[in-house]
Amino acid sequence: MHRLFRASTGFFAVLSCCVLFGMVRPSVAQTDLSGYWDARTQNPSDGTFRDTYFEIRQTGETISGMLIRRPNGIPITGSIKDGAIHFVTVPSPPPPPPAGSTAPARPAQRPIAYDGSYEDGKLTLVTQGRNGAVTSIAVKVPKEATMPPAPLPLPALKDLADNGLAKTPPMGWNSWNKFGGRVDDASVRGMADAMVSSGMSKAGYVYINIDDTWELGRDASGNITSNKKFPDMKALADYVHSKGLKIGIYSSPGPKTCASYEGSFGHEEQDAKTFAAWGIDYLKYDLCSGLDIYKDDAPTLQAIYQKMGLALEETHRPIIYSLCEYGRAAVWTGWGEKSGGNLWRTTGDISDRWESMDRIGFSQIKLAAYAKPGHWNDPDMLEIGNGGMTADEYRTHMSLWSMLAAPLIAGNDLRTMTDETKSILMNLEVIAIDQDPEYKPVTSLSSDGRIEVLMRPLHDGSVAVGLFNRTDAPAEAQFARSSLPGSLMGKEAKVRDLWKHEALAMEGDSFKATVPSHGVVLLKISAR
Ligand code: GLA
């Protein structure tokens, strides 16, 4: 392939000739790569492409500049030698955890190495992805093309009417935790089938939610289109509905979703109409690149979410509205509900590890009083059955999410669940706590950061009590009879273990149990 250093002037022609005869070695590259570049990578699995932007500065054989990424770019450094281009990103070290935090330090970002060549105005760049080499073709673009678009005017704030949905926390399945970008029409249909055949739908799980990576772009009229993994969204929605289930979809107020697919920026009303026409019943609306464009404060975020909330309302189709804004700007304090949200994320993304679930779950107790029927805190989707935690840890996950009245959105492959996973996701007695018809928030009876005892009053005068052991060894946990509501303090109160499905005795003035490491003893205590 013809490389970078082609001589283009008489001077350079003479220079090349001298080089040929070994008289001079060229030390300065003659084609200047300096400028802004759009490197486009095709994704053969769904027919989409992804743009990565670079600012390259070339001085002789030295390359510097930026991989342009919000909010801060990542510096690049490298060289051009004998036509071969090589550069690498230089990520900054992660910030140290806050003083006193026991959380593990964030892992350092790995540098990304690019090798390339240049021909006819195009840079071919090759980097190593998770599944092998990834090639992108870069062309020079004006600087503006690498910048986010200007913000759109946002509506004046108003309180949207309650849509009457999600009187109890939504229950269903979402593709992201297990499938990420591999979700497609066939797997969604398979999940709908399994939701019914496994008994999940009978247990209360209803929504089959497609997360990010279904999008392609826009047609000539600006309507959002699905990529080749989803040939016909309307037909898919009809299929899911034919199983007695409901279907959800995903978009973003920004131009790009978090996985760099098409977002709803500037097409909010149009997309809401498209979703309604397809028969969509649930929208997860993920801030993502909206953060590159709009201010990160409560009034701005409220206006962004209100815009889509109103667009959904105007479709006159009942569509659950799930705000995904990672708990920014204290969404739970009011603006989440005002913008039409039925649920709002209160945290960053969960992962299938004890540390992640433990940190997210136990940080939510203080927010419980902000939730109410129709408007729920969402500490992210379930990881139960995905393999990264023990059965005790998954029982803690299910118990804690239920004590919090969190949405129960399974994130595993429903087609291949073990009996143990089924017994956790379909524990009807635990689900009944989550879905209690008269929401009363969970409170902490005692907490020392190791053993947490939580109590949640239920509609029939009974209470759920969870004794959680966050330590790495079995531990004894207890609570005093006197910490229960008056009607349950008497010796005749009934105690039921909701994981063992058996009655227990509470002798004396306190209840004591040995709780496995990272495990839970979950009780329902009712008057006899
Ligand atoms: C964000 C969300 C996740 C998921 C991904 C998809 O990270 O928080 O739940 O939707 O985007 O790209």
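## First stop: aspartate 211

Select aspartate 211: this residue is buried, with a relative accessible area of 2%. One thing to know before going further is that you are looking at a predicted model. Aspartate 211 sits in the loop between β10 (207-209) and β11 (215-218).

Now show what surrounds it. Setting aside neighbours within four places in sequence, aspartate 211 is in contact with Asn174, Ser175, Trp176, Tyr250, Lys284 and Met381. Zoom in on asparagine 174, whose side chain makes a polar contact with the side chain of aspartate 211 at 3.0 Å.

## Zoom out: the whole chain

The chain has 528 residues, and 50% of them count as buried. Take the contacts between residues at least 6 apart in sequence: 65% of them join residues at least 24 apart.

Next, colour by domain. The domain assignment gives domain 1 (7-93 + 104-146), domain 2 (171-434) and domain 3 (443-526).

## Second stop: helix α6

Still in the cartoon, select residues 268-278, which form helix α6. Which residues of this helix are buried? They are Glu268, Asp271, Ala272, Thr274, Phe275, Ala276 and Trp278. Then step past the end of α6 to glycine 279, where phi is positive, near 100°.

Side chains of opposite charge can pair when their charged atoms come close. The count for this model comes to 23 salt bridges, and here are a few to look at.

Begin with helix α3 (residues 185-197), which holds both aspartate 185 and arginine 189. The two are 4 residues apart, about one turn of the helix. An α-helix has 3.6 residues a turn, so residues three or four places apart point the same way. The side chains of aspartate 185 and arginine 189 meet in a salt bridge, 2.7 Å from N to O.

Now pick arginine 218 and glutamate 262, a salt bridge with its closest N and O atoms 3.0 Å apart. This pair links distant parts of the chain: arginine 218 is in strand β11 and glutamate 262 is in the loop between β13 and α6, 44 residues away. Arginine 218 is partly exposed, with a relative accessible area of 22%, and glutamate 262 is buried, with 17%.

Over to arginine 470 and glutamate 452. Their closest N and O atoms are 2.7 Å apart in another salt bridge. Here too the pair links distant parts of the chain, 18 residues apart: arginine 470 is in the loop between β21 (463-469) and β22 (475-480), and glutamate 452 is in strand β20 (residues 451-457). Glutamate 452 is buried, with a relative accessible area of 5%, and arginine 470 counts as partly exposed, at 21%.

## Last stop: where domain 2 meets domain 3

Show domain 2 and domain 3 together. Their centres, taken over C-alpha atoms, are 31 Å apart. The contact takes 21 residues from domain 2 and 22 residues from domain 3.

The size of an interface is often given as the accessible area lost when the parts come together. Domain 2 and domain 3 bury about 1800 Å² between them, with 67% of it on carbon and sulfur atoms. Highlight Met403, Glu429 and Ile433: they supply 35% of the area that domain 2 buries against domain 3, more than any other three residues.

How many salt bridges cross the interface of domain 2 and domain 3? The rule finds 2. There are also 10 residue pairs in polar contact between domain 2 and domain 3.

Finish on the side of domain 2 that touches domain 3. The helices α10 (354-362), α11 (391-403), α12 (419-425) and α13 (428-434) each supply at least two residues of it, and the largest share, 9 residues, comes from α11. Colour this side by class to pick out 10 nonpolar, 5 polar and 6 charged residues.

How values were computed: Residues are numbered from 1 along each chain as its sequence is written. This is a predicted model: local features need pLDDT of at least 70, side-chain atom pairs count only at pLDDT 80 or more; totals for chains, interfaces and linings use all residues. Side-chain values use heavy atoms; hydrogens and water are left out. Domain bounds come from an automatic or database domain assignment. Contact means heavy atoms within 4.5 Å. Buried area is the accessible area (1.4 Å probe) that two parts lose on being put together, summed over both. A salt bridge is a side-chain nitrogen of Lys or Arg within 4 Å of a carboxyl oxygen of Asp or Glu. A polar contact is a pair of N or O atoms within 3.5 Å; within protein, one must be able to donate a hydrogen and the other to accept it, and residues adjacent in sequence count only if both atoms are side-chain atoms. Ala, Val, Leu, Ile, Met, Phe, Trp, Tyr, Cys and Pro count as nonpolar, Asp, Glu, Lys and Arg as charged, and the others, Gly among them, as polar. Buried means under 20% relative accessible area, exposed over 50%, partly exposed in between (1.4 Å probe, protein chains only).
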